[in-house]
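Good morning. I will talk through one structure today, a piece at a time, and I will keep it plain.

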Amino acid sequence: MKMAASRGLATSVRALSGFWLPVGVVIGLIVFFSFASNAFFTLRNMTGILGQASTLLLACLGASFVVLMGSIDLSVGAMVLLVGAVTVKALNLFDVGAGAVFIAMIAGCLLGLVNGAIYAFGRIPSFVVTLGTLSVFTGSAWELLQGRALQYFSDSFENLAIGQFIPLIPNIALFALGAWAIASLIGQTTRFGRYMYIIGGGESVASTVGIPLTRYKIYAFMISGLMSGLAGALAVARLGAAGPTLGEDLLLNTLAAIVVGGTSLSGGIGGVHRTLIGVAIIALLDNGLNLMGVNQYTQMVIKGAVVIAAVLIGQDRRKSIVIK
Amino acid sequence: MVEHVVDGIVALRASGLTKRFGETQALGAVDFSLDFGKITGLVGENGAGKSTLLNILTGITSPDQGTIEISGREVVLKDYADAQMLGLARVFQEQALILNIPVYANLLLGSEARFASLGQFIRRSAMIELAQQMMDTAGVSIDVRRHTGDLSFSERQLVEIVRACMGPVMLFGVGTPIVLLDEPTASLEKRDEQTFFDLITRLREQAGSVLFVSHRLGEILSACDEIVVLKDGRRVGAVDPAEASERQLHRLMVGRERDRDYYHEGEQVDVKDKDVVFAARGLARRGAYDNVNLEVRKGEILGIGGLLESGKSALGRGLAGISPPDAGEIRLMQDGWERPDIAHLIAKGVGYVPAERLVEGMIASLPIAWNISLASGQDVFSTPAGFWRHRREAEVSAELIQRLHIRATSPYQSCDHLSGGNQQKVVLARWLARDLCLLILDNPTRGVDAGAKEEIYRLIRALAADGLAVILITDELLELIGLSNNIAIMRHGRIEAMVPAPVDDKPSEQTLVSLMLSVNAGQLLGDVA
């Protein structure tokens, strides 16, 4: 009897964890940090969090598709850095103003194409491919920046990120939420979105029903690149410069946000729409712990523990026989 | 071995085993025992509770209620390792060998410590010697130094059987092993089957207890000393094989008798004058099949039979364009000759149902509806702009679930809790969601219970009557004979013979087997007589 009851509890916790638990965690974090720090629940800080979280959210969206299909993109942060550097260079050379965003998205898309093509045609695990390009892209960006922060001077470009079309909400947050809405729609209402689940859930099955796997795998990496490009351009617009440390924290934070949001690294489970909550949790933790004066090292410890805890609670591990 | 039989003590006794999974009662108060020196058969449809019972007996699942005694002592099994220490060994339905290591390493998996000297250095020669001894004692002629991945599927199955049968005595020092065999013969070739039956007979002579689960009732009847029948999680009877027939067993299992129209032979139509839907010429794939030519007409069921390694499954994959052939062409209807290309074939209305349902057939973690729409994402279930047609998916799935009697509460239920038969119907439904002209089936009733089997036969017949061309690749002889209009027999990758199978003149099993083995039919009949 007792066993049955505890199993019932475990099941209901898991059912709740699907959606409400992460939402509860977000609300809980806001309440906790509001009490723990006077500076937390202020307009200034909220606007700040929105700005920070927006870059992370933009960078996560494409990568969520990649993770959903059971692959991984480690090069997101490096693409943000390289595209950010390229964007500033373009701004300073051609005076394209806000149009630089399009250059950034195209550049990102091409970097994603490189990842996807090597992965799909070369049949090399995505972990290895993007580990390699992570280094290649980062090195190229540093080469371009000569190791220094490169400033730009364009009001229209700056306005893209820190302007407030709606009072108190920086434009970059509108971009991020808009992109999230579009990505969620793509995930839930298109053939591409469906195939991401299918490839992640059972690639060998997908190959017996004629799904053009190579093509869709490349698409996913191109979208990851495109979103990273957008994130890179807007991050640079927000910061006023592209520096060598741009995107440095994204490697861990994107994967953490995706996993905490509920998309399984083994593929086929979760979805891009869920990444919003993951991003909120990571961004709130970063900001709140900073304000509380928790030192950098302890922050890392806490963040890591949260990622593991989220997976521990959220996923039904009884179904997985082999965990790698 | 009389000395083991001490007043009513049996090798294994389970009393009142009960197990629930959510809404379903998997086992309801099942009593069960295995005697020393006896082979006990366990039969029942899929979903009757056989696997659950075996899982409980080997400590993999814990029962909600009930007790297990081994040699008269009550035990609580925490996991499979626990069960192994008590002399239980099991051959699982899915093979559990590691393919990239030698056979001896698989046989002795988990017992490496006894070959270790100085802590970590493993004495390879001693391992090989003991492993070979296990093989020889079991009467199996496989060199244990061979790479496991190089063995045929059937040989690998034998390795697993040897591990289960010889392990308890030769590795754990158990006097009287209890061996649980879950469908051990399903993937054995004919010549390996005899080796297997000799082995379990020897085990019986040494007072071992064997539990033998099989869908092949004939085997069960000839090999077992006692047969237990499960139905819907309950024990519905124990049968003395000396007095029972297949028909009686079947009736106990499904609660109804198999009638003469099992394969709906009366509905078979003459297809001689019909149009050719699909033709292949000169198909070849290295190491699999060679120079295959065939034709299928509208409404025809073309059976393809042969031994396990005859190349028939590889041919099916080639025809469907999944692993395209190295040479040769196919032609669909009035189109020209072309190389098989999967996307093109599917778009033109060719469907393929693979033999390995859970590996290639379906994504069990995803909803039924998603599995049904899987092959039609490029046309039926999405708009030209690439948006998914959710409503059509829901409607078509609900309709097919009803039409094929798939037992499910909702089209959005995931497939992993469906029985094998219902899962197979989902895979078939996937192709019925499209306009088809040819359906290629590889062992469509493997691991499917008798009830679902009947429904699948009826469906195949009805589809053919509607003009669908069907290529039926199967290991089941009766199915091959009963359903097919014509039967291609493959041997060593070539079509050895094309045997017509009209309603009033079906070939005999002996004829087909002799063609598969390429011995003279009369000679074989003589052997049998």
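Predicted model: local features only at pLDDT ≥ 70, side-chain atom pairs only at ≥ 80, totals over all residues.

For background, most residues other than glycine have a negative phi. Is Glu183(B) buried or exposed? Glu183(B) has 21 C-beta neighbours inside 10 Å, and the cut-off for buried is 20 or more, so Glu183(B) counts as buried.

Now a second residue of this kind. Ser71(B) is not a glycine either, and Ser71(B) has a positive phi of about 50°. Ser71(B) is found in a loop of chain B, between β4 (65–70) and β5 (73–75). Around Ser71(B) there are 18 other C-beta atoms within 10 Å, so Ser71(B) is partly exposed.

One more loop residue in chain B is Gly149(B), which lies between α4 (124–138) and α5 (153–170). Gly149(B) has 12 other C-beta atoms within 10 Å, and 12 or fewer is the cut-off for exposed, so Gly149(B) is exposed. What does Gly149(B) touch, if we leave out residues up to four places away in sequence? Gly149(B) touches Leu99(B) and Asn100(B). Ala48(B) is 101 residues from Gly149(B) in sequence, and their C-alpha atoms are 33 Å apart in space.

Two packed helices are described by the angle between their axes and the distance between the axes. For α4(B) and α5(B), the angle is about 110° and the axes are 10 Å apart. That angle makes α4(B) roughly perpendicular to α5(B). The crossing of α4(B) past α5(B) is right-handed. Which residues make the contact? From α4(B) they are Met134(B), Met135(B), Thr137(B) and Ala138(B), and from α5(B) they are Val162(B), Cys165(B), Met166(B) and Met170(B). Sorted by type, the residues of this contact are seven nonpolar, one polar and no charged.

Let me step back to chain B as a whole. Chain B is divided into domain 1 (2–254), domain 2 (265–349 + 435–528) and domain 3 (364–434). The centres of domain 2 and domain 3 of chain B, taken over C-alpha atoms, are separated by 26 Å. In the contact there are 14 residues from domain 2 of chain B and 12 residues from domain 3 of chain B. On the domain 2 side, helix α15 (residues 450–465) of chain B gives the most, with five residues. That side of domain 2 of chain B divides into eight nonpolar, three polar and three charged residues.

Now chain A, and another pair of helices. The axes of α3 (residues 43–68) and α8 (residues 171–189) of chain A come within 8 Å, crossing at roughly 30°. Are they roughly parallel or roughly perpendicular? The cut-off for roughly parallel is under 35 degrees, and therefore α3(A) and α8(A) are roughly parallel to each other. The crossing of α3(A) past α8(A) is left-handed. Residues of α3(A) in the contact include Leu50(A), Gly51(A) and Ser54(A), and those of α8(A) include Phe175(A), Ala176(A) and Trp180(A). The residues of this contact divide into 11 nonpolar, two polar and no charged.

Both of those helices turn up again around α9(A). What covers the buried residues of α9(A) includes α3, α8, α10 and α11 (213–239) of chain A. How many of the 11 residues of α9(A) are buried? The count is 11 of the 11, so α9(A) is largely enclosed by the rest of the structure. Among the buried residues are Arg191(A), Phe192(A), Tyr195(A) and Gly201(A).

Last, the place where the chains meet. There, 19 residues of chain A are in contact with 20 residues of chain B. On the side of chain A that touches chain B, α9 (191–201) and α10 (203–206) of chain A each supply at least two residues. The largest share of that side comes from α9(A), with seven residues. By type, the residues on that side of chain A are eight nonpolar, nine polar and two charged.

That is where I will stop. Thank you.

How values were computed
Residues numbered from 1 in each chain as written. Chains lettered and ligands numbered in written order. Contact = placed C-beta atoms within 7 Å. Helix = DSSP H or I, 4+ residues; strand = E, 2+ residues; numbered from the N terminus. Nonpolar A, V, L, I, M, F, W, Y, C, P; charged D, E, K, R; others polar. Axes fitted to C-alpha atoms, helices over the stretch in contact; angles between N-to-C directions. Parallel < 35°, antiparallel > 145°, perpendicular 65-115°, else oblique. Left-handed = near helix turned anticlockwise from the far one by under 90°. Domains from an automatic or database assignment.
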